[in-house]
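Me: Could you walk me through this model while I look at it?

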Amino acid sequence: MAFVRTMNDIIQNLTTLEGYITGDDKTLVEQAKKLVKEGESMVVYKVEGENHFAPSEFCATKGTTLKTFNINSEDDRKDANKAVAKVVGKEAFANKTIDGKYVEYCTSLGIKPSKSERIYWRLYEGGSYLEL
């Protein structure tokens, strides 16, 4: 298992998660939605101008899939936030406005987010928000 080292590594994982969420395999769709629902540290990016969210734990390991994510240990996941922060170049932050956008995103997916407090990293590329 290797942690991400570049923004492109994170983007690859975001693209993978998006593929699961929008895919035809209902089992994978539900697994991906569960990750979004239960995430406490989230990466924020845009798709067609709308905020989307992915758990940092899913974004932090290079080439993550649902299968490889599910076999990672808790110790590996503890270092995930450090790996994401290193690539993004900033620490995560709490923000009520973004938290509201997260709740809206969950609603659009037909899920109810967990009650825990969340922290966020907003991804930028070329001076603007990252758009997949």
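Me: Which residues have the most contacts inside the largest nonpolar core?
Reply: They are Leu 14, Val 36 and Phe 53, in a core of 38 residues, where a nonpolar core is a set of buried Ala, Val, Leu, Ile, Met, Phe, Trp, Tyr and Cys residues joined through side-chain atoms within 4.5 Å, and buried means under 20% relative accessible area, exposed over 50%, partly exposed in between (1.4 Å probe, protein chains only). This is a predicted model, in which local features need pLDDT of at least 70, side-chain atom pairs count only at pLDDT 80 or more, and totals for chains, interfaces and linings use all residues. Residues are numbered from 1 along each chain as its sequence is written, and side-chain values use heavy atoms, with hydrogens and water left out.

Me: And what is Phe 53 in contact with, leaving aside neighbours within four places in sequence?
Reply: Its partners include Leu 17, Val 36, Met 42, Ile 98 and Tyr 120, contact being heavy atoms within 4.5 Å.

Me: Which residues of helix 1 are buried?
Reply: Among them are Ile 10, Leu 14, Leu 17 and Ile 21, along with Asp 9, Asn 13 and Glu 18. In general, an α-helix has 3.6 residues a turn, so residues three or four places apart point the same way.

Me: New topic: what is the phi of Glu 48?
Reply: Glu 48 has a positive phi of about 50°, although it is not a glycine. Most residues other than glycine have a negative phi.

Me: Is Glu 48 buried or exposed?
Reply: Glu 48 counts as exposed, because its relative accessibility is 74%.

Technical notes. Helix = DSSP H or I, 4+ residues; strand = E, 2+ residues; numbered from the N terminus.
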